[in-house]
Amino acid sequence: MSDKASWAVPVLAAVGALVGAAMLTPVWGGHVGGSAASRSDGQGEATASSTSSLLYDSERPPAEQKSAPDPHLPAPVVSMDIAHASDQGPHAVNITIDDGPDPVWTPRVLKVLADNGVKAVFCMIGEKAAAYPAVVRQVVADGHRLCDHSVHHDTTMARKSPSYQHSEIVTAERMIERASGGVRPLYYRAPGGAFTHYSRQIAASMGMRPLGWNIDAEDYKRPGTPTILHTVEHELPNGPTILFHDGGGDRSQTVSALAALISRLREQGYAFGFPVR
């Protein structure tokens, strides 16, 4: 080995270690209330149709992005800032549904949404999408949008290697697209909201806007329908994106709370939209 090669190896190794550490830095912080992990500020104005696979803004650079992309990673084609705002303006809410699809509860959630003419974003776990493709296709047929929620819903992803994060995001995207019949997810939501700069850029380079939330309905705790409604209405000043669940067990309280909430919000003049892209 030449003298130049002998000193270059350790230098390159050190640089690689620093880059890897930077990639794994989690993105926390944001608004008052709820999960800080979900609330990093970030706005974007690109919008898209709910079912077309041509939803990647012609791979143009994202406008008004606040995050600085890592030049060593694939360039984002949608904003890598975490989305919260609604495409229907300031007096609107976004309904997002996590941890499915579920063969029992997702169809019941879909019925509530259809009965009320409301569209939502379904954040799907890759292995569940692969197990229940008919449910995924019903979500798409009803005009809702898809979101990549990783393959295994590993809430410790932020502390794991870039290669692991990459596999969880990319593999889930492929599983969901295959299950849907060719419709690609428009968003990526990190399990537990534990985004990293690396995971956000990888998702955005695939056309998936990182998706946060402002209001955690805490329906997964099954505290009772009145408590779920109180939690959501109490946190409405925090922002428009509401987190519900169709996976993880009995979601009868979610179904009843969602029906009541949509009615109440309509009475208060709220519109229903999708998160910005």
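This is a predicted model: local features need pLDDT of at least 70, side-chain atom pairs count only at pLDDT 80 or more; totals for chains, interfaces and linings use all residues.
Residues are numbered from 1 along each chain as its sequence is written, and side-chain values use heavy atoms, leaving out hydrogens and water.

**The chain overall**

- The protein chain has eight helices and eight strands; helices (H or I, at least four residues) and strands (E, at least two) are DSSP runs, numbered from the N terminus.
- Of the 277 residues in the protein chain, 54% are buried.
- About 11600 Å² of the protein chain is accessible surface, and 56% of that belongs to carbon and sulfur atoms (areas come from the Shrake-Rupley method with a 1.4 Å probe; for residues, only the protein chains shown count as cover).
- Take the contacts in the protein chain between residues at least 6 apart in sequence: 76% of them join residues at least 24 apart. Contact here means heavy atoms within 4.5 Å.

**Around Y188**

- Y188 is found in strand 4 (residues 187-188).
- The structure holds one aromatic pair, and Y188 forms it with F195. Rings of Phe, Tyr and Trp (its six-membered ring) pair if their centres lie within 6.5 Å; planes under 30 degrees apart count as stacked, over 60 as edge-to-face and the rest as tilted.
- The Y188 and F195 rings sit edge-to-face, 5.9 Å centre to centre with 85° between the planes.
- F195 is buried, with a relative accessible area of 0%.
- Leaving aside residues up to four places away in sequence, Y188 touches a list of residues including C147, M157, I169, F195 and L211.
- L211 is 23 residues from Y188 in sequence, yet their C-alpha atoms are 5.8 Å apart in space.

**Helix 4 against helix 5**

- The axes of helix 4 (residues 133-141) and helix 5 (residues 162-180) come within 8 Å and cross at roughly 80°. Axes are lines fitted to C-alpha atoms, for helices over the stretch in contact, and angles run from 0 to 180 degrees between N-to-C directions.
- Helix 4 and helix 5 are therefore roughly perpendicular to each other (65 to 115 degrees; under 35 is roughly parallel, over 145 roughly antiparallel and the rest oblique).
- P133, V136, R137 and V140 of helix 4 make the contact with I176, R178, A179 and S180 of helix 5.
- By class, that contact has five nonpolar, one polar and two charged residues. Ala, Val, Leu, Ile, Met, Phe, Trp, Tyr, Cys and Pro count as nonpolar, Asp, Glu, Lys and Arg as charged, and the others, Gly among them, as polar.

- Most residues other than glycine have a negative phi, and most peptide bonds are trans.
- D99 is not a glycine, but has a positive phi of about 80°. D99 lies in strand 1 and counts as buried at 13% relative accessibility.
- The peptide bond from G100 to P101 is cis, with omega near 5°. P101 is in the loop between strand 1 (92-100) and helix 2 (105-116).
- E218 also has a positive phi, near 55°. E218 is in the loop between strand 6 (215-216) and helix 7 (225-235), and at 27% relative accessibility E218 counts as partly exposed.

Technical notes: Buried means under 20% relative accessible area, exposed over 50%, partly exposed in between (1.4 Å probe, protein chains only).
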